[in-house]
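Biologist: Could you take me through this structure? I would like to begin with its pockets and then move to the core.

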Amino acid sequence: MTAMSMPTAVVLHAEDYQRMRWKNGAGWTSEVFRFPDADDWGWRLSIAEVETDAPFSTFPGVDRALVLLEGNGMRLRFDDGDTRELLPSSNVLCFSGERPLVGQLVDGPSRDFNLMWKRDRVDAQLWRRQLVGAMVLFADPGEIWVVHMLSGMAHFSGSTGLGGMESGDTAILRSHGARTRFALDGDGELLLIRVVGRDET
């Protein structure tokens, strides 16, 4: 991933996400963003609507991070006997995509934010944060910042032309050849994601 091949800074609105039914009929996926925009992506953002207990698809070489958006959550039961919980009190749940598992709903359907990245191509980090007033992000060459609004409203200031964000919207931010400043002001809760490409040397 080079600075020239990264996407330009943009705000993606929730109503524009592509919603697709799972092949097993157990839920829906709304794809937020993938890079590159191809089957052989390096990292991907999506929102899952889980309607019933079901096995997760396996993704060899991929790391995953889940955040509960709505509902009472689920238990992830791995084939090796390990059990992890994604609950309203949880922050971020991370695991390896090649591990076979079944997701068991705690009490009713859930909606989950899903970050996936191929560990040999990129490094990714995800944080859940409150937004109270102003926040400033600095994007260096070779990295992308993602802001996903969990609740509330926010607005980018300055000459970015990005405008406002509401609950469910996602901003993709990259540098413009040099370190680039993005100032966000608002009130609510958000997810921050930093993605950095690995050197292919």
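This is a predicted model: local features need pLDDT of at least 70, side-chain atom pairs count only at pLDDT 80 or more; totals for chains, interfaces and linings use all residues.

Biologist: What is the volume of the largest pocket?

Modeller: The volume of the largest pocket is about 640 Å³.

Biologist: Which residues lie nearest its centre?

Modeller: Trp-22, Thr-29, Arg-44, Ser-57 and Phe-59 lie nearest the centre, out of 23 lining residues. Two or more lining residues come from each of strand E2 (18-21), E3, strand E4 (43-50), strand E6 (62-70) and strand E11 (110-118).

Biologist: Which element gives the largest share of that lining?

Modeller: E4 does, with four residues.

Biologist: And what is the lining like by class?

Modeller: The lining of the largest pocket has eleven nonpolar, seven charged and five polar residues.

Biologist: Let us turn to Thr-29. Where does Thr-29 lie, and is Thr-29 buried or exposed?

Modeller: Thr-29 belongs to strand E3, which spans residues 27-35. Thr-29 counts as buried because its relative accessibility is 14%, and the cut-off for buried is under 20%.

Biologist: Which side chain does Thr-29 make a polar contact with?

Modeller: The side chain of Thr-29 is joined to that of Trp-22 by a polar contact of 2.6 Å. Beyond four places in sequence, Thr-29 is in contact with Gln-18, Arg-19, Met-20, Trp-22, Arg-44, Ser-46 and Ile-47.

Biologist: Changing topic, how many residues are in the largest nonpolar core?

Modeller: That core has 22 residues, and those with the most contacts inside it are Trp-43, Leu-45, Phe-113, Leu-115, Leu-126 and Ile-193. Elements giving two or more residues to this core include E3, E4, E12 (122-139) and E16 (180-197). There is also a second, separate core of 19 residues, with Ala-9, Val-11, Met-149 and Met-165 among them.

Biologist: Finally, where is Glu-49, and which side chain does Glu-49 make a polar contact with?

Modeller: Glu-49 lies in strand E4, and a polar contact of 2.9 Å joins its side chain to that of Arg-19. Setting aside neighbours within four places in sequence, the contacts of Glu-49 include Trp-22, Trp-28, Ser-110 and Arg-111.

Biologist: How far apart are Glu-49 and Phe-113?

Modeller: Glu-49 and Phe-113 are 64 residues apart in sequence, and their C-alpha atoms are 9.2 Å apart in space.

Conventions: Residues are numbered from 1 along each chain as its sequence is written. Side-chain values use heavy atoms; hydrogens and water are left out. Buried means under 20% relative accessible area, exposed over 50%, partly exposed in between (1.4 Å probe, protein chains only). A polar contact is a pair of N or O atoms within 3.5 Å; within protein, one must be able to donate a hydrogen and the other to accept it, and residues adjacent in sequence count only if both atoms are side-chain atoms. Contact means heavy atoms within 4.5 Å. On a 1 Å grid over the protein atoms alone, a cavity is a set of points where a 1.4 Å probe fits but cannot get out, and a pocket is an open set with protein on both sides within 12 Å along at least five of seven lines; lining residues have an atom within 4 Å of a point. Grid points are joined across faces, edges and corners, and a volume is the space filled by probe spheres set on the points. Ala, Val, Leu, Ile, Met, Phe, Trp, Tyr, Cys and Pro count as nonpolar, Asp, Glu, Lys and Arg as charged, and the others, Gly among them, as polar. A nonpolar core is a set of buried Ala, Val, Leu, Ile, Met, Phe, Trp, Tyr and Cys residues joined through side-chain atoms within 4.5 Å.
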